[in-house]
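I wanted to get my bearings in a structure that was new to me. These are my notes, in the order I looked things up.

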Amino acid sequence: MDNSDLFVCIDHVGYAVSDLDEAIKLHCDTFGWRVLHRETNEEQGVEEAMLGTGEQGAQNAQIQLLAPLNDSSTIAKWLERNGGRGGVQQVAYRVEDIDAVSATLRERGVTLLYDAPKIGTGGSRIQFAHPKSTGGILLEIVEPPAAAAH
């Protein structure tokens with residue numbers, strides 16, 4: 001088996017939350033994080049905020065807060081399955097070439113959710129690996145936009 005590095009680092013940990021403003025207040029005022037980016041992603045059905053701390057270097061992990069835009073969004077369904085309680089919804093690994101990593105993972109038997117990567121936070125390219133092929137964890141694979149990768 002080829003054990004060359006597929007991943008650059010942990011990109012972020014995604015938390016499902018029911019109220020984005022309340023979650024931002026908790027993470028910023030109580031835990032000392034700061035909002036780096038906030039956006040609405042209609043295709044994914046979420047309003048989200050990316051949080052960071054300190055110098056926020058290129059390989060520092062971030063926290064992603066995800067709130068549902070409607071009852072049919074994936075995050076709304078996740079919250080419903082978990083009794084309305086928020087929590088860790090996914091872990092994201094950063095990659096330099098999402099197409100190559102996706103092909104390698106498929107060759108190794110990992111089920112990916114999309115035929116081709118979609119657009120995620122800040123113009124990144126994203127793909128998800130199904131929890132049934134990752135030991136129970138929803139794994140997001142993220143290729144940052146070229147300008148943000150350096």
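Terms came before anything else: two strands pair if DSSP finds at least two bridges between them. Helices (H or I, at least four residues) and strands (E, at least two) are DSSP runs, numbered from the N terminus.

I also noted that the model is predicted, so local features need pLDDT of at least 70 and side-chain atom pairs count only at pLDDT 80 or more, while totals for chains, interfaces and linings use all residues. Residues are numbered from 1 along each chain as its sequence is written, and side-chain values use heavy atoms, with hydrogens and water left out.

**The sheet.** I traced an open sheet of eight strands with mixed pairing, in the order β2-β3-β4-β1-β5-β8-β7-β6. β2 (34-41) and β6 (118-119) are at the edges with a single partner strand each, so one side of each has no neighbour in the sheet.

I then checked β5 (residues 87-94) and β8 (residues 139-143): they run parallel, joined by four bridges. Tyr 93 has Ile 141 in β8 as its bridge partner.

**Helix α2.** I found α2 (residues 74-81) lying across β1, β3, β4 and β5, at about 90 degrees to β4 (axes are lines fitted to C-alpha atoms, for helices over the stretch in contact, meaning heavy atoms within 4.5 Å, and angles run from 0 to 180 degrees between N-to-C directions).

Which residues of α2 are buried? I got Ile 75, Ala 76, Trp 78 and Leu 79 (buried is under 20% relative accessible area, exposed over 50%, partly exposed in between, with a 1.4 Å probe and protein chains only). The buried residues of α2 pack against β1, β3, β4 and β5.

Thr 74, Glu 80 and Arg 81 are exposed, on the face turned away from the buried side of α2.
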